[in-house]
Amino acid sequence: MGALHLTLASASPRRRELLGRLGLMPDAVTPADIDETPLKGELPRAYALRMGREKALAVDAPGFVLAGDTVVAVGRRILPKTETEAEARACLELMSGRRHQVLTSVVLRAPDGTLRERLDETVVCFKRLSGEEITAYLAGGEWQGKAGGYAIQGAAEGLIQWIRGSHSGVMGLPLYHTRALLKAARFAIG
């Protein structure tokens with residue numbers, strides 16, 4: 001199959017960078033404009049998958065549309081994409097010294113409208129964070145708009161004791177699953 005149009009349904013520079021690691025550059029970047037409020041009683045896995053699907057369906061574009069969503073959860077609790085420093089501090093204090101889940105959905109909408117999806121589940125454990133460490137991290141501003149109040153590709157990586165799963169999934173686009181979806185859809189990829 002020849003080259004086909006690929007739209008990335010995300011404004012995230014991280015997702016675009018990660019897609020580049022697969023040797024792909026989207027033909028268009030069109031962020032999906034949807035309500036990202038979790039439904040009452042919605043569990044983290046279901047929420048991540050629903051957000052990925054809704055984003056893939058919301059973008060009006062020819063060819064393939066690639067969408068995803070990253071959710072940070074402690075137990076059944078979905079942590080916010082932090083908008084204030086106080087929110088980010090609360091998230092980091094909650095995750096300090098304990099494990100949490102990062103659930104990243106990746107959804108590919110084919111030209112015929114069919115959806116293929118995968119859910120990447122990674123467990124991340126922060127060291128026990130001191131108040132000074134949290135304050136120093138927050139001062140860098142990496143927490144802004146990030147699920148759970150941190151970005152693994154930045155200074156937070158030095159505070160993470162271990163991860164079990166996909167580093168690229170925590171960044172926002174699990175490359176193994178993304179490549180598998182594209183290959184299954186016969187999208188031209190190496």
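Author: Start with contact, which means heavy atoms within 4.5 Å. Y137 touches L92, E142, W143, G149, Y150, A151, A155, A156 and L159, leaving out residues up to four places away in sequence. This is a predicted model, where local features need pLDDT of at least 70, side-chain atom pairs count only at pLDDT 80 or more, and totals for chains, interfaces and linings use all residues. Residues are numbered from 1 along each chain as its sequence is written, and side-chain values use heavy atoms, with hydrogens and water left out.

Reader: Which members of the largest nonpolar core touch the most other members?

Author: In soluble globular proteins, nonpolar side chains tend to be buried together. A nonpolar core is a set of buried Ala, Val, Leu, Ile, Met, Phe, Trp, Tyr and Cys residues joined through side-chain atoms within 4.5 Å. Buried means under 20% relative accessible area, exposed over 50%, and partly exposed in between (1.4 Å probe, protein chains only). The largest core here has 42 residues, and L66, L92, M95, F126, Y137 and Y150 touch the most other members. Another core, of 14 residues, lies apart from it and includes Y47, A67, V71 and L103.

Reader: Is S12 buried or partly exposed?

Author: S12 has a relative accessible area of 21%, so it is partly exposed. S12 and G172 are 160 residues apart in sequence, yet their C-alpha atoms are 8.4 Å apart in space.

Reader: How far does the backbone nitrogen of R15 lie from a polar atom of the S12 side chain?

Author: The distance is 3.1 Å. A polar contact is a pair of N or O atoms within 3.5 Å; within protein, one must be able to donate a hydrogen and the other to accept it, and residues adjacent in sequence count only if both atoms are side-chain atoms.
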